[in-house]
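This briefing is intended for a reader who has the sequence and the coordinates at hand. Please consult the display below while reading the points that follow.

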Amino acid sequence: MAFRVECKLDTPCSGAFIVFEPGREAMPTGERTPPEERVAQADLRVDPGSTARVDVALTAHGKELVSGSPGGYRGEAYVALEDRGGFALGSSGPGPASFPQVRLRG
């Protein structure tokens with residue numbers, strides 16, 4: 001799957017593009033969801049003021065979820081930037097947010 005990501009910062013946007021199961025961006029303990037429980041992920045680097053294509057790969061867990069969802073699986077998109085923390089796509093900053101959903105198909 002490919003997503004277009006725009007960097008609106010004055011420095012490169014470097015970090016990770018992650019897709020979580022709805023409501024599972026963190027564990028009940030508040031710790032980060034481990035990589036093996038994510039749906040999809042990719043490293044990202046986009047130059048300042050630019051837009052780039054980011055190829056996001058399904059994890060083994062994500063492949064199971066997508067294959068069991070004939071109409072496509074809906075996950076929550078999130079970007080974690082180095083030195084800036086995490087952002088739900090479409091939000092204005094870290095903290096509680098409404099995560100946009102992306103439809104994934106195998």
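The structure is a predicted model. It holds one disulfide, two aromatic pairs and three salt bridges. The largest nonpolar core has 19 residues.

**Strand pairing**

- S2 (residues 13–20) pairs with S3 (40–46) in the antiparallel sense, over seven bridges.
- Within this pairing, Gly15 has Leu44 of S3 as its bridge partner.
- S3 also pairs with strand S5 (residues 57–58), again in the antiparallel sense, and here there are two bridges.
- Ala40 stands opposite Leu58 of S5.
- In a regular strand, side chains alternate between the two faces of the sheet.
- The covered face of S3 carries Ala40, Ala42, Leu44 and Val46, whereas Gln41, Asp43 and Arg45 are on the uncovered face.

**Nonpolar core**

- In soluble globular proteins, nonpolar side chains tend to be buried together.
- Which residues of the largest nonpolar core touch the most other members? They are Cys13, Phe17, Leu44, Val46, Val54 and Val56.
- Two or more residues of this core come from each of S1, S2, S3, helix H1 (60–67) and S6.

**Disulfide**

- The link of Cys7 and Cys13 is right-handed, with 80 degrees about the S-S bond.
- Cys7 has a relative accessible area of 1% and is therefore buried, the cut-off being under 20%.
- Cys13 is likewise counted as buried, at 7% relative accessibility.

**Aromatic pairs**

- A pair of aromatic rings is described by the distance of the centres and the angle of the planes.
- Phe3 and Phe17 are both buried.
- Phe20 and Tyr78 form an edge-to-face pair, with 5.6 Å from centre to centre and 70 degrees between the planes.
- This second pair links distant parts of the chain, as Phe20 is in strand S2 and Tyr78 in strand S6 (residues 73–81), 58 residues apart.
- Phe20 and Tyr78 are also both buried.

**Salt bridges**

- Side chains of opposite charge can pair when their charged atoms come close.
- Glu21, Arg24 and Glu37 are linked in a network of salt bridges.
- In the bridge between Arg24 and Glu21, the closest N and O atoms are 3.8 Å apart.
- Are these two residues buried or exposed, or in between? Arg24 is partly exposed, with a relative accessible area of 30%, and Glu21 counts as buried at 17%.
- Arg24 also meets Glu37 in a salt bridge, at 2.8 Å from N to O.
- Arg24 and Glu37 both lie in the loop between S2 and S3, so their pair ties together parts that are 13 residues apart in sequence.
- Glu37 is partly exposed, with a relative accessible area of 26%.
- Another salt bridge is formed by the side chains of Asp55 and Arg53, at 2.8 Å from N to O.
- Asp55 is partly exposed, at a relative accessible area of 48%, whereas Arg53 is exposed, at 60%.

- Thr59 is found in the loop between S5 and H1.
- Thr59 is buried, with a relative accessible area of 10%.
- What does the side chain of Thr59 reach? The side chain of Thr59 reaches the backbone oxygen of Arg38, at a distance of 2.5 Å.

Conventions. Residues numbered from 1 in each chain as written. Heavy atoms only, no water. Phe/Tyr/Trp six-rings, centres within 6.5 Å; stacked < 30°, edge-to-face > 60°. Helix = DSSP H or I, 4+ residues; strand = E, 2+ residues; numbered from the N terminus. Buried < 20%, exposed > 50% of the residue type's maximum accessible area, 1.4 Å probe, protein only. Salt bridge = Lys/Arg side-chain N within 4 Å of Asp/Glu carboxyl O. Core = buried A, V, L, I, M, F, W, Y, C linked by side-chain atoms within 4.5 Å. Disulfide = S-S within 2.5 Å. Pairing = 2+ DSSP bridges. Polar contact = N/O pair within 3.5 Å; in protein donor to acceptor, adjacent residues only side chain to side chain.
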